[in-house]
Amino acid sequence: MSLQKVTANKIIEKKKKGEKIVTLTSYDYAFAKLVDQSGIDLILVGDSLSMVVLGYKNTLAVTMDEMIHHTKAVSRGVENAMIVGDMPFLSYKGDINDAVKNAGRFIQEGGAEAVKVEGGKEIIPTIKAMINADIQVMGHIGLTPQAIYQIGGFLVQGKTVETAKNLILTAKELQNAGVFSIVLESIPWQIAKLITRSLDVPTIGIGAGPYCDGQILVLHDMLGIFKEFKPKFLKYFENLSERVQKAISNYKQEVEQEIYPDLTHSYDFPQEELDEINSWYLKQSFVKNEKKP
Ligand code: KIV
């Protein structure tokens, strides 16, 4: 393990010191390497993979095997950031032994150092079983996209006194179960602030306002690659889709107009042997009425 490697303890330490925890998702080697080299603390191989990379209409479609495949690619690109594998729909809410085995695959095959699970009280025994198997767990409450059909869409959660109380108590229960941090997704900032104050483990917000201990965004959202919908909390830090399209249309134009490749982008045959190959070529039977090259 590299000396710089971010661990769950270091992340908890950051909360104690009042230092912000900066996290992002990644899904492949190339981007994970860039994210890691930018000094991001934690990389989540999110099940948002399903939508932003694989093109499914929600996060429910992605499978364990697809998640493992992408987690492996991410871990090949990362030296320092802590890597968390996001457990996909149906991989942890049935049989507890299956859940532990699936979590173990992220560590053993994928090279992740922890897993993330969505939910509250109903998964406390599962979280405890994972931790007993030496697997570190991150919680995720508020808007839990794997439950969108139950929730009725990508809706802000915890907007009533009752549901807000429930979120605060659930966060405490997750902490008591042993999670090392909790993602708070799409909840009012005032409630996220209360949760953050009430916990020793860090909160990582996405659509949960500025008072969380850290933040996470989906990489393809913040880079402006995936633009199929834009929730209120999302800020585009780049407009990569436009820049990529511009680069591709420049390439197309240059090839069509015979600008690219020019000779500076081409390999040379040795000058001293050029006459020999040209005269050999002209003597070949397949060369009919061609002029000397
Ligand atoms: O899948 C994902 O990218 C996530 C983050 C939005 C927290 O769960």
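Trainee: Is the crossing of α6 and α8 left-handed or right-handed?

Mentor: This is a predicted model. In it, the axes of α6 (residues 124-132) and α8 come within 9 Å. The crossing of the two helices is right-handed.

Trainee: Is α6 roughly parallel or roughly antiparallel to α8?

Mentor: The axes of α6 and α8 cross at roughly 25°. Angles under 35 degrees count as roughly parallel. Therefore α6 is, relative to α8, roughly parallel.

Trainee: Which residues of α8 make the contact with α6, and how many charged residues does the contact have?

Mentor: From α6 come I124, I127, K128 and I131. From α8 come E173, L174 and A177. By class, the contact has five nonpolar residues, no polar ones and two charged. So the α8 side, with Glu and Lys counting as charged, is E173, L174 and A177, and the charged count is two.

Trainee: Is T170 buried or exposed?

Mentor: T170 lies in helix α8, residues 161-177. Its relative accessibility is 8%. Buried means under 20%. So T170 counts as buried.

Trainee: Which residues is T170 in contact with, leaving aside neighbours within four places in sequence?

Mentor: Contact means heavy atoms within 4.5 Å. With neighbours within four places in sequence left aside, the partners of T170 are G120, K121 and I141.

Trainee: Is α2 roughly parallel or oblique to α4?

Mentor: Helix α2 (residues 29-37) packs on helix α4 (residues 64-77) with the axes 7 Å apart. The angle is about 45°. Angles under 35 degrees count as roughly parallel, and 65 to 115 as roughly perpendicular. Therefore α2 is, relative to α4, oblique.

Trainee: Which residues of α4 make the contact with α2?

Mentor: α2 passes α4 in a right-handed crossing. On the α2 side, Y29, A32, K33 and D36 take part. By class, the contact has four nonpolar, one polar and three charged residues. The α4 side is A73, V74, R76 and G77.

Trainee: Which elements do the buried residues of α4 pack against?

Mentor: The buried residues of α4 are M64, M67, I68, H70, T71, A73, V74 and G77. Their packing partners include two strands, β2 (42-45) and β3 (82-86).

Trainee: How many Å does α11 reach from its first C-alpha to its last?

Mentor: Helix α11 covers residues 240-256 and has 17 residues. At 1.5 Å a residue, 24 Å is expected. The reach is close to that, at 24 Å.

Trainee: Which residue just after α11 takes a positive phi?

Mentor: Look just past the end of α11. The phi there is about 55°, and the residue is E258.

Methods:
Residues are numbered from 1 along each chain as its sequence is written. This is a predicted model: local features need pLDDT of at least 70, side-chain atom pairs count only at pLDDT 80 or more; totals for chains, interfaces and linings use all residues. Side-chain values use heavy atoms; hydrogens and water are left out. Helices (H or I, at least four residues) and strands (E, at least two) are DSSP runs, numbered from the N terminus. The expected span of a helix is 1.5 Å times one less than its number of residues. Buried means under 20% relative accessible area, exposed over 50%, partly exposed in between (1.4 Å probe, protein chains only). Axes are lines fitted to C-alpha atoms, for helices over the stretch in contact, and angles run from 0 to 180 degrees between N-to-C directions. Angles under 35 degrees count as roughly parallel, over 145 as roughly antiparallel, 65 to 115 as roughly perpendicular and the rest as oblique. A crossing is left-handed if the near helix is turned anticlockwise from the far one by less than a right angle, and right-handed if clockwise.
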